[in-house]
Amino acid sequence: VAIAVINLDRVNADPRLHRDMVDVDSFSDIGKTTVFRARLEAERRICGNKTEELDFDSAVIMSDRELLATLLDLRTCKCNHLDKNFMLKAKDLFIKEYVRFALAADEFDREQEAEARAQAQRLSDIASTLPEGSGTCSADTTPAKKARTLNLKTTTSKLDSGAVYGEAAVDWLFADDESDNSSDDSMAIDEAEKERQEQERLYKREKDLEDEATKSLKRWLRLTVDWKREFPEKLQGKDPTCLDAVDDLMTLDVGILYRRIVEADFDRSLYGWIPRMAAASWGQIGALNAESFCERALRAAGHVLDEGNTLLDNDELEKLVILRMNRSFMQFMRSNHADIVQDSHLNTLVRRGREQDGALERE
C-alpha cells in the first residue's frame, strides 16, 4: 500500500506542498506506527471499532444526515456504495424530511399570503380615511358594527299584576348571562371543530406529500447526468464511463447543474422539492460537517470579544466574527478581481474599502 507523503526536500514558499507516493513497507518504525494509529483512529471514529486492533473489514457507519445527503446529491444518489439496509433507511429518512420540508414551505407561503392581505387591509384603511374625490380611493365598504340588543320577553302594556312585569324583569336580568354562556359554548365547539378539521387537513397533506416524495425520488434516481458534457474542462481526459465520485466529481460546482434543474422544473412536477432540499434542508449537500471550522469560528470570536470589547451585543459580535473569518476572501477578491469588487455582491463586503490604510491587516 502506498501513501502520498510530503517531500520535505521540495518544500518552498509555494503553499501547495509536493507529495510523492511511498510504499508503507518502506517506512521507518515510527512511520509504520503512525500509519497504524491513524488507521485505528479512523476505524474507531467512522467504523464503530471499539478494540485496539485494526479490522480491515469494518464498514463505514454513515449518520442519518449523510444518508439523506447521499440521495440528494446527484453524484451519489445511485447509492452504489450502500447496501440494501442502508438504502432502505436512506429512503425512509428522505420521505420524512421531504414531508417536513414541504410543510415548512406551506407555512411560509401562508405567512406571505397573510402579510399580503394585511398590507392590502392597511392600504384600504388608509384610503377610507381620505375625503371623497381625493386620489383613487374607494368608498369604505366595511359594515358598521351592530348595536347590541337584549332579547326581552314581549309583555303586555297593561300591568294587571306584578307577575307579568316581574317575569320580564327576571328575563332581562339574566339575558346577558344566558347569551354569554351560549356564546362561550358555541365558541368552544367552533374551536374544537376547527382543530379537528386542521388535524384532518394536515394528515391528508402529509399522506399526499409522502406519495409525492416517493414519485419524485423515483424520477430523481432515474435522472442521468452526462458529467463529461456538463463539465468538459474539469473532466478533460477522463473516461466518462468510470468517473470516481471522490477523485473526479467531488470538486465540481454542481450548484450550476441544480439551478438549471430548478429553472427547468419550475412547477416542481418532476422532482418536487428535491433540488431545493439539496441546498437548504437538514441533508443539504453543502453542509460543513467538520468540527474544525466551528473551532476556528470560536477562536476568531475569542479574539474579537476580548477584555476591551465585552459590551458588544450578539449582532455586532456575529458581524465582526464573519468579517474576520472572511478577511482572506475579501483580500483575494480585491487582489484578483479588481474589476468587479466595486459591485455590492448582494450586500456582501467585498467592495474596495480601507485596505490601503491597513485596516484589514490589523489583528
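How exposed is Lys218, in terms of relative accessible area? Lys218 comes out as partly exposed, at 48%, where buried means under 20% relative accessible area, exposed means over 50%, and partly exposed is anything in between (1.4 Å probe, protein chains only). Keep in mind that this is a predicted model, where local features need pLDDT of at least 70, side-chain atom pairs count only at pLDDT 80 or more, and totals for chains, interfaces and linings use all residues. Residues are numbered from 1 along each chain as its sequence is written, and side-chain values use heavy atoms, with hydrogens and water left out.

**Overall layout**

- The chain has ten helices and two strands, taken as DSSP runs numbered from the N terminus (helices are H or I with at least four residues, strands are E with at least two).
- Reading from the N terminus, the order is β-β-α-α-α-α-α-α-α-α-α-α.
- Of the 363 residues, 21% count as buried.

**Nonpolar core**

- The largest nonpolar core holds 37 residues; a core here is a set of buried Ala, Val, Leu, Ile, Met, Phe, Trp, Tyr and Cys residues joined through side-chain atoms within 4.5 Å.
- Leu74, Phe94, Tyr98, Trp220 and Trp227 have the most contacts inside this core.
- Two or more core residues come from each of α2 (64-72), α3 (84-128), α4 (162-222), α6 (255-264) and α7 (274-280).
- Helix α3 supplies the largest share of the core, with nine residues.

**Salt bridges**

- The count is 17 salt bridges, each being a side-chain nitrogen of Lys or Arg within 4 Å of a carboxyl oxygen of Asp or Glu.
- One of them pairs Lys89 with Asp64 at 3.1 Å, N to O. This pair ties together distant parts of the chain, with Lys89 in helix α3 and Asp64 in helix α2, 25 residues apart.
- Arg110 is partly exposed at 37% relative accessibility, and Glu107 is partly exposed at 35%.
- In helix α4, Glu193 and Arg196 are also three residues apart, about one turn of the helix, and their side chains form a salt bridge at 2.4 Å, N to O.
- Glu193 is partly exposed at 31% relative accessibility, as is Arg196 at 36%.
- Glu200 joins Glu193 and Arg196 in a network of salt bridges.

**Charged surface patches**

- What goes into a patch? Its residues have over 30% relative accessible area and no salt bridge, with like charges joined within 9 Å.
- Areas come from the Shrake-Rupley method with a 1.4 Å probe, and for residues only the protein chains shown count as cover.
- Lys and Arg count as positive, Asp and Glu as negative, while His and the chain ends are left out; each charge is placed at NZ of Lys, CZ of Arg, CG of Asp or CD of Glu.
- The positive patch gathers Lys91, Lys215, Lys218, Arg219 and Arg222 on the surface.
- Helix α4 gives the most to that positive patch, with four residues, and Lys218 lies in this helix.
- A negative surface patch is made up of Asp313, Asp315, Glu316 and Glu318, and Asp315 is found in helix α9 (residues 314-325).

Definitions and conventions
Patch = residues over 30% accessible without salt bridge, like charges linked within 9 Å, V, L, I, M, F, W, Y side chains within 5 Å.
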